[in-house]
Amino acid sequence: MPSTVRPPRALPPNFSATEFRDALGMFATGVTIVTARTMDGTFVGLTANSFNSVSLTPPLVLWSLARSAGSMAAFSAGSHYAINILSADQQDLAKQFAMRDNDRFAGVQFELGAGGAPLIAGAAATFECFNRSRYEEGDHVIFVGEVERCTHRVGASPLLFHGGKFYAEHPL
């Protein structure tokens with residue numbers, strides 16, 4: 001009969017950080033750009049694939065951000081943000097918002113959502129979120145947003161990320 005005794009903590013990993021990252025890369029994800037507007041009116045945004053639904057009632061979603069991210073203060077202090085799910089033709093935007101030391105919003109078409117966060121034109125879907133809660137775990141902070149508004153484009157193909165490369169959806 002198997003033992004039901006649980007160890008007091010997790011065992012140390014038997015893999016390197018690179019092996020872990022490579023294994024995580026085998027999980028295909030959608031690609032998002034998370035955006036916000038700071039109290040002084042500055043726009044912040046970044047590419048993220050750490051997005052997930054949490055609850056239908058109330059409508060909750062989550063995403064995570066590295067503690068070391070330059071935008072951490074803006075997202076932690078702000079009351080609202082938007083999660084823009086990119087469409088297959090927005091690969092260049094994903095790259096633009098992933099770069100450091102550039103004007104990420106240069107040439108980007110967007111409108112402001114009800115909470116002040118930029119909603120990127122052409123996105124497959126957008127979620128306008130109240131910054132409900134944050135959880136510090138490891139080297140990231142998990143943000144839980146309460147969705148106040150959402151939209152989607154019927155028939156839009158999402159931008160996908162797998163194994164370090166972008167893909168477009170191809171139905172089986």
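Select strand S6 (80-85) and strand S9 (125-137): each supplies at least two residues of the lining of the largest cavity. Strands here are DSSP runs (E, at least two residues), as helices are (H or I, at least four), numbered from the N terminus. This is a predicted model, in which local features need pLDDT of at least 70, side-chain atom pairs count only at pLDDT 80 or more, and totals for chains, interfaces and linings use all residues. Residues are numbered from 1 along each chain as its sequence is written, and side-chain values use heavy atoms, with hydrogens and water left out.

**Stop 1: the cavity**

Rolling a probe the size of a water molecule over the atoms shows where empty space is left. On a 1 Å grid over the protein atoms alone, a cavity is a set of points where a 1.4 Å probe fits but cannot get out; a pocket is an open set with protein on both sides within 12 Å along at least five of seven lines; lining residues have an atom within 4 Å of a point. Grid points are joined across faces, edges and corners, and a volume is the space filled by probe spheres set on the points.

The structure holds 1 cavity of 30 Å³ or more. The largest cavity has about 40 Å³ of space. Select its lining, including His80, Tyr81, Ala82, Glu128 and Cys129. By class, the lining has 6 nonpolar, 4 polar and 1 charged. Ala, Val, Leu, Ile, Met, Phe, Trp, Tyr, Cys and Pro count as nonpolar, Asp, Glu, Lys and Arg as charged, and the others, Gly among them, as polar.

**Stop 2**

Now turn to the largest pocket, with a volume of about 1,900 Å³. It is lined by 46 residues. Select Arg21, Thr47, Ala48, Asn49 and His140, the closest to its centre. Then colour the elements that each supply at least two lining residues, among them helix H1 (17-24), strand S3 (43-48), strand S4 (51-55), strand S5 (60-66) and helix H3 (91-98). S3 gives the largest share, 6 residues. The pocket lining divides into 21 nonpolar, 18 polar and 7 charged residues.

**Stop 3: the sheet of seven strands**

An open sheet of 7 strands runs in the order S3-S2-S6-S9-S10-S5-S4, with antiparallel pairing. Two strands pair if DSSP finds at least two bridges between them. S3 and S4 stand at the edges with a single partner strand each, so one side of each is left without a neighbour in the sheet. From one strand to the next, the twist averages 35 degrees. Such angles run from 0 to 180 degrees between N-to-C directions, and axes are lines fitted to C-alpha atoms, for helices over the stretch in contact.

Zoom in on S5 and strand S10 (residues 140-152), which pair antiparallel over 7 bridges. Leucine 65 stands opposite valine 141 in S10. Next, select H3: it lies across strand S2 (32-37) and S3, at about 115 degrees to S3. Contact means heavy atoms within 4.5 Å.

**Stop 4: a ring pair**

The structure holds 13 aromatic pairs. Select tryptophan 63 and tyrosine 81: their ring centres are 5.6 Å apart and their planes at 75 degrees, so the pair is edge-to-face. Tryptophan 63 in strand S5 and tyrosine 81 in strand S6 are 18 residues apart, so to speak distant parts of the chain linked by the pair. Rings of Phe, Tyr and Trp (its six-membered ring) pair if their centres lie within 6.5 Å; planes under 30 degrees apart count as stacked, over 60 as edge-to-face and the rest as tilted.

**Stop 5**

Most residues other than glycine have a negative phi, and most peptide bonds are trans. Go to the loop between S4 and S5, where proline 58 sits. A cis peptide bond joins threonine 57 to proline 58, with omega about -5 degrees. Then find aspartate 101 in the loop between H3 and strand S7 (110-112). Its phi is positive, near 55 degrees.

**Stop 6: the sheet of three strands**

Finish with the open antiparallel sheet S1-S11-S12. In S11, threonine 29 has phenylalanine 161 as its bridge partner. Phenylalanine 161 is in turn bridged to phenylalanine 166 in S12. S11 and S12 form a hairpin with 2 residues between them, and glycine 163 in the turn has a positive phi of about 60 degrees.
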